[in-house]
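Student: Could we go through this structure together, one question at a time?
Tutor: Gladly, let's take a look.

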Amino acid sequence: KEYKKIQVSEVSKEAMEKIKKSYGAYTIKEAYRASDGEYKLVLSKDGVDLTATFTSAGDLIKIY
């Protein structure tokens with residue numbers, strides 16, 4: 001699946017609200033979106049980065 005880099009502000013409001021509920025302590029460093037609307041986000045907390053994919057609605061798919 002191919003993801004295209006987007007601005008963090010381009011993540012849909014609905015998805016962002018769900019993501020913030022679970023990952024509010026994390027800073028979103030980078031955001032990518034696939035053609036099907038799926039998001040891949042690089043989250044950072046205490047100097048540790050993790051990459052996670054989310055559905056277009058903001059539900060977690062997988063953490064890498």
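Student: Which residue does Y3 stand opposite in strand 2?
Tutor: This is a predicted model, where local features need pLDDT of at least 70, side-chain atom pairs count only at pLDDT 80 or more, and totals for chains, interfaces and linings use all residues. Residues are numbered from 1 along each chain as its sequence is written, and side-chain values use heavy atoms, leaving out hydrogens and water. Strands are DSSP runs of E with at least two residues, helices runs of H or I with at least four, both numbered from the N terminus. In strand 2, the residue opposite Y3 is A34.

Student: Is E38 buried or exposed?
Tutor: E38 lies in the loop between strand 2 and strand 3. Buried means under 20% relative accessible area, exposed over 50%, and partly exposed in between, using a 1.4 Å probe and protein chains only. At 17% relative accessibility, E38 counts as buried.

Student: Which side chain makes a polar contact of 2.6 Å with that of E38?
Tutor: A polar contact is a pair of N or O atoms within 3.5 Å; within protein, one must be able to donate a hydrogen and the other to accept it, and residues adjacent in sequence count only if both atoms are side-chain atoms. The side chain of K1 makes one with E38 at 2.8 Å. The partner at 2.6 Å is Y3.

Student: Which residues of helix 1 are buried?
Tutor: Helix 1 covers residues 13-23. On its other side, K13, E14 and K21 are exposed. The buried ones are A15, M16, I19 and Y23.

Conventions:
Pairing = 2+ DSSP bridges.
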